[in-house]
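This text walks through a protein model one part after another. Please keep the sequence and the structure in view while reading.

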Amino acid sequence: MINKNAENIIDVINVSVSRCHEPERVKITSTESPTVPVSRALIEQALFNIIDNALRYSPANTIVTIHVYSQSNNIYIDIKDQGEGIPLKHAHKIFDLFYTTHEDKKSDSGSGLGLAVANGVIRAHQGRIELAHSEIGCLMRIRLPVDGGE
Ligand SMILES: Nc1ncnc2c1ncn2[C@@H]1O[C@H](COP(=O)(O)OP(=O)(O)OP(=O)(O)O)[C@@H](O)[C@H]1O
Ligand SMILES: [Mg+2]
C-alpha cells in the first residue's frame with residue numbers, strides 16, 4: 001500500500017513543472033483546483049515524466065498545456081503538446097518498459113522508462129493514464145479517483 005494524503009493537485013503539478021528544463025513553455029489552463037488523496041512524491045514524479053516528454057518531444061517554440069477538471073468522482077489531468085504525437089496504434093505498448101519510437105538514439109534521449117513508471121504510479125492510485133485522440137501533438141489523459149479508489 002502507498003501512503004496517501006489530501007493534496008491540492010495544482011500545487012503538485014506546479015512542483016513537477018518547476019523541475020522541468022523549460023518550465024516557461026508550460027501553461028496550466030484550468031479554473032478548478034481540486035484536492036485528491038495521493039502520494040505526493042510519487043504523483044509528482046509521474047507528472048514530471050509526462051510533462052518532460054511533452055516538452056522534449058515537441059518544438060522549442062511551442063506550448064504545453066495542462067488542463068485539470070472534475071467529472072463524476074474523478075479528476076482528470078490532460079497534458080497536451082504540439083509535437084508529432086504518438087500514433088494511436090502504438091497506444092497499447094507506450095507504457096511498456098523500454099518502449100521508444102526513436103530508432104536513432106541521440107545522446108540525450110531517454111531509456112523508455114518514464115511512461116512505464118508513470119503508469120505504475122497512477123495504477124497504484126487506482127487511476128488510469130491513456131493516450132487520447134488529438135488532432136495535433138500528443139494528449140496524455142490521467143484519471144485519479146477523488147475518493148482514492150476506496
Ligand atoms: N509527448 C510525446 N510526444 C511524442 N512521443 C512521445 C511523447 N511521450 C512519449 N513519447 C514516445 O514514447 C517513448 C517512451 O516514453 P518514455 O518517457 O517512457 O521514455 P523516454 O522518454 O524515451 O525515456 P525516459 O526513461 O528518459 O523517460 C518515447 O521515447 C517517445 O518515443
Ligand atoms: Mg520520457
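Predicted model: local features only at pLDDT ≥ 70, side-chain atom pairs only at ≥ 80, totals over all residues.

Strand E6, residues 128–132, pairs with E7 in the antiparallel sense, and five bridges join the two. Within the pair, Ala 132 stands opposite Leu 139 in E7. The two strands form a hairpin with six residues between them. Gly 137 lies in the turn of this hairpin and has a positive phi of about 70°.

E7 also pairs with E5. These two strands run antiparallel and are joined by seven bridges. In this pairing, Tyr 76 stands opposite Arg 143 in E7.

These strands belong to a protein with three helices and seven strands. Read along the sequence, the order of the elements is β-α-β-β-α-β-β-α-β-β. The protein has a radius of gyration of 15 Å, close to the 15 Å that the globule rule gives for 150 residues, so it is as compact as a globular protein of that length. The C-alpha trace spans about 45 × 30 × 25 Å along its principal axes. Of the contacts in the protein with a separation of 6 or more, 69% are between residues 24 or more positions apart.

The interior comes next. Of the 150 residues, 30% count as buried. In soluble globular proteins, nonpolar side chains tend to be buried together. Here the largest nonpolar core has 33 residues, and those with the most contacts inside it are Leu 47, Ile 50, Ile 51 and Ile 79. The elements that each supply at least two residues of this core include helix H1 (9–18), strand E3 (35–38), strand E4 (64–71) and strand E5 (74–80). Also among them are helix H2 (40–56), helix H3 (114–124) and strand E7 (139–145). H2 gives the most to this core, with eight residues.

Leaving aside residues up to four places away in sequence, Ile 50 touches Ile 79, Ala 118 and Met 140.

What surrounds ligand 1? The shell around ligand 1 has 23 residues, and the closest are Asn 53, Thr 100, Gly 110, Gly 114 and Leu 115. H2 and H3 each supply at least two residues of this shell. By class, the shell around ligand 1 has nine nonpolar, 12 polar and two charged residues.

Notes:
Residues numbered from 1 in each chain as written. Chains lettered and ligands numbered in written order. Core = buried A, V, L, I, M, F, W, Y, C linked by C-beta atoms within 7 Å. Buried ≥ 20, exposed ≤ 12 C-beta atoms within 10 Å, placed from the backbone. Helix = DSSP H or I, 4+ residues; strand = E, 2+ residues; numbered from the N terminus. Contact = placed C-beta atoms within 7 Å. Pairing = 2+ DSSP bridges. Near = placed C-beta within 6 Å. Nonpolar A, V, L, I, M, F, W, Y, C, P; charged D, E, K, R; others polar. Rg over C-alpha atoms; globule rule 2.2 N^0.38 Å.
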